[in-house]
Amino acid sequence: MYSNSTKHGILVSNIGIDNLDIQDCMLLPQAAYPLPPIKRANVERMSQQESSTTTNKIKAVCFDFVGTCLDWHSAIIAALPPGFPAETKSGFILDWRQAYFNRNDRLFSSGSALEDVDVSYRQALEEVLERPENSSHKHLFTEAVKDVLIRQWHAQKPWDEVPEALRGLKEDRGYEVFVHANGTTRFQLDLVKSSGLKHRFDMLFSSELLGSYKPAPENYGKVLELLKYAPEQVVMVAAHAYDLRGAKNVGLRTVYVHRWTDDVLEDQGVIKGEFDAYLEDMSELGATIASL
């Protein structure tokens, strides 16, 4: 389903069939211009080698977005209500982010219908506010404050090295570059605008658009089907091990980018040996992908 098709035929020189010149040839039907058996075999071997090289060459790079490319932590911490204890701000929003992942995992595991990302973040916030450790500042979160916080998820800036890394992948190395993340299309459209990365991606693939959450195999499979690439021609880049495990299971190449804001419950020592590459940021992403 994912491999490109080719037309059958043989290479024939326009200067004579007995002096085959691969540099100067055209594709003609086999029946009209048969080659001697040895030369036919040589051409078929060459075609197979070229097909293998083409199939294995990386064509596209898919990115998880929030956390991997975007610094959600700075955006959300700035939107917390006045009076929230400064010393607990970071811990609170890290808990909120993890509660969002936990909710998505429950939805995915139960086979529930896809949920709007704004609803998911709001429900996760309500869950965190009900915890005993947050009882003293729960009153700060009026409905208006909650509305502001949810909108803030739609306005994030990239990590410092990300714009140049994306530019290099597209302009210097010629890869196709995509957002491939859970969430809604509206969410992704707002984020590429607020981050200034609107022109760095060829397409935005949301779970809403694809009809399933990552890490479902059909989520990655649908992207491969739409791109018409084999799994080994596509690299998934993410700061989330669950995502890369799903991608790896269907045959994609995988690059993990460590962000201190994400995968807070994962053992980074284990992750370092789990995927094709492990990076502390995207500064060397282009060279890393080229070496896979």
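## Close-up views of the predicted model

**View 1. Around Arg97.** Leaving aside its neighbours within four places in sequence, Arg97 is in contact (heavy atoms within 4.5 Å) with Val66, Gly67, Trp72, Tyr121, Trp153, His240 and Asp262. The structure is a predicted model, in which local features need pLDDT of at least 70 and side-chain atom pairs count only at pLDDT 80 or more, while totals for chains, interfaces and linings use all residues. Residues are numbered from 1 along each chain as its sequence is written, and side-chain values use heavy atoms, with hydrogens and water left out. Arg97 lies in helix H3, where helices (H or I, at least four residues) and strands (E, at least two) are DSSP runs numbered from the N terminus. With a relative accessibility of 4%, Arg97 counts as buried; buried means under 20% relative accessible area, exposed over 50%, and partly exposed in between, with a 1.4 Å probe and protein chains only.

**View 2. The whole protein, as a setting for the other views.** The protein has twelve helices and eight strands, and 48% of its 292 residues count as buried. When contacts between residues at least 6 apart in sequence are considered, 64% of them join residues at least 24 apart.

**View 3. The crossing of helices H3 and H4.** Two packed helices are described by the angle between their axes and the distance between the axes. The axes of helix H3 (residues 89-110) and H4 come within 8 Å and cross at roughly 120 degrees; these axes are lines fitted to C-alpha atoms, for helices over the stretch in contact, and angles run from 0 to 180 degrees between N-to-C directions. H3 and H4 are therefore oblique to each other, given that angles under 35 degrees count as roughly parallel, over 145 as roughly antiparallel, 65 to 115 as roughly perpendicular and the rest as oblique. The crossing of H3 and H4 is right-handed, a term used if the near helix is turned clockwise from the far one by less than a right angle. On the H3 side the contact includes Phe92, Trp96, Arg97 and Tyr100, and on the H4 side the residues include Val117, Tyr121, Leu125 and Leu129. By class, this contact of H3 with H4 has eleven nonpolar, three polar and five charged residues; Ala, Val, Leu, Ile, Met, Phe, Trp, Tyr, Cys and Pro count as nonpolar, Asp, Glu, Lys and Arg as charged, and the others, Gly among them, as polar.

**View 4. The crossing of helices H4 and H5.** The axes of helix H4 (residues 117-129) and helix H5 (residues 143-152) come within 10 Å and cross at roughly 130 degrees. That angle makes H4 oblique to H5, and H4 passes H5 in a right-handed crossing. Asp118, Tyr121, Arg122, Leu125, Glu126 and Leu129 in H4 meet Glu143, Lys146, Asp147, Leu149 and Ile150 in H5. The residues of this contact of H4 with H5 divide into five nonpolar, no polar and six charged.

**View 5. Val117 in helix H4.** Val117 is found in helix H4 and is buried, with a relative accessible area of 2%. Once its neighbours within four places in sequence are left aside, Val117 is in contact with Tyr100, Gly183, Thr184 and Phe187. The C-alpha atoms of Val117 and Trp153 are separated by 9.6 Å, although these residues stand 36 residues apart along the chain.

**View 6. Helix H10 and the residue that follows.** In helix H10 (residues 241-249), the residues Ala241, Asp243, Leu244, Gly246 and Ala247 are buried. The buried residues of H10 pack against H9, E6, E7 and H11. H10 is followed by Gly251, whose phi is positive, near 100 degrees.

View 7. A cis peptide bond, with omega about 20 degrees, joins Lys214 and Pro215, and Pro215 is found in the loop between helix H8 (207-210) and helix H9 (217-227). Lys228, in the loop between H9 and strand E6 (234-238), has a positive phi of about 60 degrees although it is not a glycine. Lys228 is exposed, with a relative accessible area of 52%. Asp263, in the loop between strand E7 (253-257) and helix H11 (268-271), has a phi near 55 degrees, a positive value in a residue other than glycine. Asp263 is buried, with a relative accessible area of 13%.
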